[in-house]
Structure formats: structure tokens, C-alpha cells
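My notes are kept in the order in which I looked things up.

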Amino acid sequence: MNAPTELQARRERLVLDHFADETRQDFDAVLGTFPHPHYELIPSGEVHDGIADVRQYYIDTRRAFPDQRHEIIQLRHAEDSVIVEFWLLGTHRGPLKGIPPTGNSFRCRMNAFFIFEGDRLVCERVYFDTLTMLRQLLVGVPAAQVGALVGSLLGQPAPAPAAEAAAA
């Protein structure tokens, strides 16, 4: 493998600082890695755009997982991006989109594409398997509650009691 170019080295340093600042929960520093913060979470279709929206995303996810952290597996360079494969870990201690805290921990393999224009970070696009995470978070939750919890995570209302009785 060739040594990274000067531009690749600057991008890599920014991405590594971004990861470290997220783990320390220094969100002002993380937000400072973008001229305009923009996150895309591909599995859920969520887009968080702008300082206020991305800051709220950080607040919500750290309320759910106060010990959220990363373990980098591999970092690769592409023409306009740095691609990071990593483990995301955390313990479910607060509400997550309608799912009450379970106290369960998770470890989920992910990929993040840090998209650049020159040396400016313009987007973090994250790919992961939601089922891998949910399977770990919902261990021990009574089977009768799982459907409603997953539905709330997907933004679907829980069925009315009459509809449940009619379906049985």
C-alpha cells in the first residue's frame, strides 16, 4: 500500500479526531469537524442536517447509550472520502425512539463514509444492520412487547387493542 498523500493524511487526521471527540462526547469539537454538519443513517433513512439537528442527534443517542464508543477495525481512502469500518458499542440506559431502556449492551459492526470536498468534511454516511443491534437490545423483552417496540422504532403506530383481538 502506498503512503497516504498529504490530502489523505489531513482527511484521516480529521476523521480520527472526529471519532475521538464523539467518544469523549465533546460535541462542539465534533461539530467543528464540518463546515456544515450533515449525517445520513442509511438503515433508518434518517438525515440530520445542520448544527442544531446534529447536536440533537448526539443528545438523543447519548441519552439512550451514555457509554457509546467505537473500535476502529479498518480505515481506507477513496477519491472523495475516508471509509471507516468499526464496531459501535454501548449499553441501553435511556429511551430510544419509543423503546424504553433494556440495560442490554450491543456491539454492531458498521461502516461510515466520511465524504469530503477537498479537505472539507461535508457528510458522514453510516451503514449498519439494524437487526444486529435490535437482536442484542431486545434480549429479555417479553415476546408480546417486541412487535410494538420495533414498530415504534420504525415510526409505525401500535395496533389498537380491538384490532389485536380480531387478529387473534
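The entries below go from the overall fold to the strands, a pocket and a few residues.

**Ground rules.** I am working with a predicted model, in which local features need pLDDT of at least 70 and side-chain atom pairs count only at pLDDT 80 or more, while totals for chains, interfaces and linings use all residues. Residues are numbered from 1 along each chain as its sequence is written, and side-chain values use heavy atoms, with hydrogens and water left out.

**Overall fold.** I looked up the secondary structure and found 6 helices and 6 strands. Helices (H or I, at least four residues) and strands (E, at least two) are DSSP runs, numbered from the N terminus. Along the sequence I read the pattern α-α-β-β-α-β-β-β-β-α-α-α. The protein has 168 residues, and 38% of them count as buried. Buried means under 20% relative accessible area, exposed means over 50%, and partly exposed is in between (1.4 Å probe, protein chains only). I also looked up contacts, meaning heavy atoms within 4.5 Å. Of the contacts with a separation of 6 or more, 53% are between residues 24 or more positions apart.

**Strands 3, 4 and 5.** Which strands pair with strand 4? Two strands pair if DSSP finds at least two bridges between them. Strand 3 (residues 69–78) runs antiparallel to strand 4 over 9 bridges, and the two form a hairpin with 2 residues between them. In this pair I found E71 opposite W87 of strand 4. Strand 5 also pairs with strand 4 in the antiparallel sense, over 11 bridges. There, V82 has F114 of strand 5 as its bridge partner. I noted that 10 of the 11 residues of strand 4 are buried.

**Largest pocket.** A pocket is an open set of points on a 1 Å grid over the protein atoms alone, where a 1.4 Å probe fits, with protein on both sides within 12 Å along at least five of seven lines; lining residues have an atom within 4 Å of a point. The largest pocket holds about 690 Å³ of space, a volume filled by probe spheres set on the points. It is lined by 32 residues, and L41, E46, T61, K97 and F128 lie nearest its centre. Elements giving two or more residues to this lining include helix 1 (6–24), strand 2 and strand 6 (120–128). Helix 3 gives the largest share, 5 residues.

**H48.** I then turned to H48, which sits in strand 2 (residues 46–49). Is H48 buried or exposed? H48 is buried, because its relative accessible area is 11%. Its side chain makes a polar contact of 3.0 Å with the side chain of E46; such a contact is a pair of N or O atoms within 3.5 Å, one able to donate a hydrogen and the other to accept it. Beyond its neighbours within four places in sequence, H48 is in contact with residues including P37, Y39, L41 and Y57.

**Helix 4.** At the start of helix 4, a side-chain oxygen of D129 comes to within 3.2 Å of the backbone nitrogen of L131. In this helix T132, M133, L134 and L137 are buried.

**Q25.** My last entry is Q25, in the loop between helix 1 and helix 2 (27–31). Its phi is near 60 degrees, a positive value in a residue other than glycine. Most residues other than glycine have a negative phi. Q25 counts as partly exposed because its relative accessible area is 32%.
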